[in-house]
Amino acid sequence: MTTAQLARNPVAGRVDADVARRPLCDVVAAIFSLDLEDGTVDLDAVERIRADDFDDWVLATAQSGLFTPREVESLARSWHADPMSLFDTLLTDADDMTRKRYAIVWDSLDQADSREYA
């Protein structure tokens, strides 16, 4: 189940009461880890994060019912200030090989940007 599906399915998204006591990043990581369950690299997601296009993730957090509007706004601000923080959150529960593959993609986009401006 993807993040969007989870946000639309309140039964699957139901969590224990202790969620409120966990740091926001931990809860977001738990929700978004479902996006990477097949282990394949989603190039579109990496490019969107690097382009500050966080709409899907912001919408998913807002619709999850786990966050207040202020917390959703805070998360969005933090992702815009540091896109790598969302990237790292998506990879929280990923295995080492998946993290390495995504890091290679992220770095290759950095290198491509550097060549563009050279």
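**Entry 1: Terms and model**

I note first that a residue is called buried when its relative accessible area is under 20%, exposed when over 50%, and partly exposed in between, using a 1.4 Å probe and protein chains only. The model is predicted, so that local features need pLDDT of at least 70 and side-chain atom pairs count only at pLDDT 80 or more, while totals for chains, interfaces and linings use all residues. Residues are numbered from 1 along each chain as its sequence is written, and side-chain values use heavy atoms, with hydrogens and water left out.

**Entry 2: Overall make-up**

I looked up the elements and found seven helices and zero strands in the protein chain. Helices (H or I, at least four residues) and strands (E, at least two) are DSSP runs, numbered from the N terminus. Of the 118 residues in the protein chain, 32% are buried. I then turned to contacts, which are heavy atoms within 4.5 Å. Among the contacts in the protein chain with a separation of 6 or more, 69% are between residues 24 or more positions apart.

**Entry 3: Helix H4 and Thr61**

Which residues of helix H4 (residues 55–64) are buried? I found Trp57, Ala60 and Thr61. Seen down the axis of H4, the buried residues fall within an arc of 95°, so they line one face of the helix; the arc is that of the directions from the helix axis to the C-beta atoms. As background, an α-helix has 3.6 residues a turn, so residues three or four places apart point the same way.

Thr61 has a relative accessibility of 1% and therefore counts as buried. Not counting residues up to four places away in sequence, Thr61 touches Val28, Phe32, Phe67, Val72, Leu75 and Trp79.

**Entry 4: After H4**

I recorded that Gly65 follows H4 and has a positive phi, near 80°. Phe67 lies in the loop between H4 and H5. Is Phe67 buried or exposed? Phe67 is buried, as its relative accessible area is 9%. Leaving aside neighbours within four places in sequence, its contacts are Leu24, Val27, Val28, Ile31, Thr61, Val72 and Leu75. Phe67 and Leu24 are 43 residues apart in sequence, yet their C-alpha atoms are 8.3 Å apart in space.

**Entry 5: Helices H5 and H6**

I examined how helix H5 (residues 69–81) packs with H6: the angle is about 110° and the axes are 4 Å apart. Axes are lines fitted to C-alpha atoms, for helices over the stretch in contact, and angles run from 0 to 180 degrees between N-to-C directions. The two helices are therefore roughly perpendicular to each other, a label for angles of 65 to 115 degrees, whereas those under 35 count as roughly parallel, those over 145 as roughly antiparallel and the rest as oblique. H5 contributes Ser78, Trp79, His80 and Ala81 to the contact, and H6 contributes Pro83, Ser85 and Leu86.

Thr89 is found in helix H6 (residues 83–90). At 10% relative accessibility, Thr89 is buried. Its contacts, not counting residues up to four places away in sequence, are Cys25, Val28, Ala29 and Phe32.

**Entry 6: Arg99**

I located Arg99 in helix H7 (residues 96–117). Arg99 is partly exposed, with a relative accessible area of 31%. Arg99 touches Leu91, Thr92, Asp93 and Ala94, not counting residues up to four places away in sequence.
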